[in-house]
Structure formats: structure tokens, C-alpha cells
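Student: Please take a close look at one part of this model, its nonpolar packing and the residues around it. I would like the cut-offs stated along the way.

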Amino acid sequence: MTRMVEEQRTQIGTLKALGYNKFQIISKYVIYATLATVIGGILGMCVGFVLIPTIIFKMYQMMYQISGFKAEFNMFYGMLGLGLISICIIGATIYSALKELGNTPATLMRPKSPKIGKRVLLEHIPFIWKRLSFTRKVTVRNIFRYKKRFLMTIIGILGCTALIVTGFGLKNTIKSIIPLEYENVFNYDMQITLKSGNDENQKDKYIQELKNKDEIEKVVSTYMTSVTAQKDDKSESLIMIVPDDENKLEGLINIKDVKTKSQVSLKENEICITDKVAQLLNVKQGDTVKIKDLDDNEIDVKVSNIVENYVYHYAYMSKQTYQNLFKKDYSTNILFTKNKELSEEKINELSKAIMNDNEVSGVSVISNLTSQIDNMMSSLNYVVIILIVSAGLLAFVVLYNLQNVNISERIRELATIKVLGFYDKEVYSYVAREIILLTIIGTILGLIGGYFLNAFILKTCEINMLRFKPTIEPISYIYAIVLTTGFSIIVNIATYFALKKIDMIESLKSVE
């Protein structure tokens, strides 16, 4: 709108000279801006309230059985968004028009005077400045001559790159949960749930049978139960794991301090809890929490360590501590196994054979679980596509619009150098060199901005049961650079043809 007002200076001057008042002249541009804002806003609401939610819902359907989804318009948020956009666009239009109307009609009916060139910082560094060619010196001067366009281009490219980095970063982070949880923390192959009611002798006998199987390398006996942890007025549900022998856990369950990443031992009459539940309850190392089991037995226990975990909440307690505090006999109900190197087919055969044992009520195979999660995570590609498309639109709108402004403001300058003998390619490089340099600066800042935007979004959308560790793989940064560069190249190609169409005679005609 600023560009439109500036391009129509002559019309504004003529209308002002004919006696039209400021309100009548401004209303023309305000009506235009309002119509564009309202039409764009309605289309944006259709995308925001219907299209994107439908895509996201389809992604959730790949992971969960959900029905009855209906995309509806939310008038409050719609009007709020439209109102904010209207303030920005219509406000900018009124400001630009009033700024132009402050001049006399005679001044307005003449083209706007070009900005005065000034010495730039680089000129005060002779070592660098003297080594630049003439066209490169012109490029540097022009970049700092039009500071508004300089900032808008960098911000636009920064936003484009940051969105792409965020899209890939979200995918990298969520996919990293599987190896972090099921390789770094839990490293067992199968979780076997034993039937309740069997005595300890039967269980011990069955455990020995499992250990004798050729396919199984290690078996660890544990007692697992759901408990509630409370501190002050906050409470969270978690799973408490009580190993029969803590020393045998090594290699199957890694209880690591969340800060030092070192293995911790289970202290007597103390408990370890995972980091996310500690954060939710505002618990620190050395604090005391109240643990309530399924029989409503409550104990107060000191937290010895805050340990690493990424999915759900866990607490770890030694067998002796459990017996001391809950005054109950220890009874194994879960077995963790470490298998030898087996194919997927052999693992499935082994799990089916174990499931048929009389002592077993359930078997979970970690490799099958991680495969299912991997398949579900493939739906994240839609999120990445949405963000890349948004980033592409942002890049095209900003770059193409700014390039058009650049050409229209410098039409006489560009026509002059064409008359002086510059070829089309030289004129193009004269203009494109500026956008290329600004794209490089914006891309570098966008890579940094994308890292922080990714971390902010993950922190905002992190649910109670998950702990995200912001992860952006190096290839994601390369993708962001390539895509941003690709968007910039497409705009530069369009600019090349626009420059070829410059009419040297019309552009150099006297304006008197």
C-alpha cells in the first residue's frame, strides 16, 4: 500500500489541486486496502479454520481411532485476526497517504526525488573498500541507501528460513523420542507381564526356564505398579519400578541423573523420579514427596535423584526401601528380557511362544512398538509440508514485492545504465546482487532464529506425559538453505524478465 500511494503521487497531487480534501483522497486508498484485507481475511479464515485443521485431524487419525471431527469457524478468533491485520494494513495506508498529502500539489505532481547517497561504514575501511569492484561498491551503497527495503528483505528471508528449520526440527525432535527412550533409557527387548495369584516359587521356576532359553540372554525381575506422587497441592500419576536386584538392571534400564547423565544407584529409604514429573510437581533433589499406591497407602519419601526420561513418568525404588516403607512383601509381576541377535520373525515367534505359557498374561515387544510409532510419525511429513508451503509463500510475497518496488523506484537509474551500454545480464546482476547478498544474511539469521523458534514451539506444545529434547539434524539446516535459495532464485528469474521489459525511451523522458 505504501508503494501504491507513492506510485500515484501525481494523481494525488492532481486531486489535491482540483480541490478534493484529504478525507476524500485518503478514502480511495482506505477502501482499496479494506477490500483487499477483508477478502484476504475471509480466505485466510477458510484455510485456518477448515483446511489446516482437517489436514491435522487426518494426521491424528493415522495414530488414533477418532471420529466425529467437524471443522467450524470461530468468529471471535476470526474477527480478532482480521482486526489485527486491518490495523496493520489500513493504518499503514493512512500513514502513507497523510505523509504524501503533507506536500504541496506542485511537489506531488513531480516524481519523488531519489534518496541522497551517503557514505557507508565499509567506505571507512579502505583495506576492504579499495578491493571492491565498481559494481560491488554500487551494490553496497544501494543496500544501505534503502534501509526499509534492506530490513524487510532480511526479515522476510529470516522468517522463511526459520519456518523451514522449525518444520524439519519438529520432525527431528519427535522422531528422536524413540531412540532416546527405548535405547538410551529403556534398552530391554521384551516386557513380560506375569499372571497374578502365582506364588514366588512358581515365578522363580518360570524365570529360570526363561533364562535357559537359547534366544534369551538376560532376564530381570521387577515389581511395577501405578502410584500417585503429591507435593503441596499438586499430584501426578506415575509408574513405580522396584527391581528385585538393582545391579541386574544395567543394560536393560539405565537410571541416569538428568544433569550429569551418570548412572545413579537406588538409596535406601529414598526414591528416584523422572525429570518431567519433578518439573510438574516442582520437586528438587532432596525434597520429600508423598507417594500413594493403589491400596491408598501413603508414605513420605525423600527424592535422592531426578533421572532422565522422555515418555510418561516413572519412579525407581529399591526392593528394601519398598518393603521398609510400604510394609508389604515383594512380589515379582514384570520381567524384562534382553534377547540375543534375532530377526524380526524370530522375535515374533518367541513372543508368541512366551504368550502361550501359563504363567504369562501379556508380552510387549519393544521393536514392534517402535515400528508402530515410526509409522505413525510419518504423518509428521504433513506438518513439514504445511510449514514449507507457508515459508515459500512468505518468501515469494516479500521478495517479489520488494523487487518490484526496487525496480519501480529506480526505473530511471536502470534505464540510464541500459542507455549507457549495459547488457541485460549486467543490469540484472546490478540489481540481483543486492537481493542475493540480503538473502545470504537473512538465511544465516533464519537458521539461528529457526533453532529458537523450534525450541519455543516444542516448549509450548509439550504435553505432561512427554519430554521433548529439541533436536535439529545438520541435514535439516541444509534443506532450509536449499529451499530458501530455491525460492529466491525463482523470484530472481521473474525479476530478470521484468528488467528486460524496461523501456529506455519512456523511462528517460522529461517529467516536466
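Tutor: Among contacts in this predicted model between residues at least 6 apart in sequence, 78% join residues at least 24 apart, where contact means heavy atoms within 4.5 Å. Since the model is predicted, local features need pLDDT of at least 70 and side-chain atom pairs count only at pLDDT 80 or more, while totals for chains, interfaces and linings use all residues. Residues are numbered from 1 along each chain as its sequence is written, and side-chain values use heavy atoms, with hydrogens and water left out.

Along the principal axes, the C-alpha atoms fill a box of roughly 110 × 50 × 45 Å. Of the 512 residues, 39% count as buried, that is, under 20% relative accessible area; exposed is over 50%, and partly exposed lies in between, with a 1.4 Å probe and protein chains only.

Now the core itself. A nonpolar core is a set of buried Ala, Val, Leu, Ile, Met, Phe, Trp, Tyr and Cys residues joined through side-chain atoms within 4.5 Å. In soluble globular proteins, nonpolar side chains tend to be buried together. Here the largest such core has 24 residues, and those with the most contacts inside it are Phe186, Tyr188, Ile241, Ile253, Ile255, Tyr316 and Phe336. At least two residues each come from α8 (147-185), β2 (216-231), β3 (234-243), β7 (314-316) and β8 (334-339). Helix α8 gives the largest share of this core, four residues.

Not counting residues up to four places away in sequence, Ile241 touches Phe186, Thr222, Tyr223, Met224, Ile253, Tyr314, Ala315, Tyr316 and Met317.

Thr225 lies in strand β2; Thr225 is buried because its relative accessible area is 12%. Leaving aside neighbours within four places in sequence, Thr225 is in contact with Leu238, Ile239, Met240 and Leu294.

Asp275 belongs to helix α10 (residues 275-281), and with 12% relative accessibility Asp275 counts as buried. Outside the four places on either side in sequence, Asp275 touches Val258, Ile306, Val307, Glu308, Asn309 and Arg467. Asp275 and Asn305 are 30 residues apart in sequence, with their C-alpha atoms 9.2 Å apart in space.

The loop between α10 and β5 (288-292) holds Asn282. Asn282 is not a glycine, yet has a positive phi of about 60 degrees; at a relative accessible area of 42%, Asn282 is partly exposed. Tyr312 sits in the loop between β6 (298-307) and β7. The phi of Tyr312 is near 65 degrees, again a positive value in a residue other than glycine, and Tyr312 is partly exposed, with a relative accessible area of 27%.

Gly251 is found in the loop between β3 and β4 (270-274) and counts as partly exposed at 30% relative accessibility. Residues up to four places away in sequence aside, Gly251 touches Asn187 and Lys338. From Gly251 to Asp300 there are 49 residues in sequence and 30 Å in space, C-alpha to C-alpha.

Leu325 lies in helix α11 (residues 319-326). With a relative accessible area of 23%, Leu325 is partly exposed. Not counting residues up to four places away in sequence, Leu325 touches Asn269, Ile299 and Val301. The C-alpha atoms of Leu325 and Ile299 are 6.7 Å apart, for residues 26 apart in sequence.
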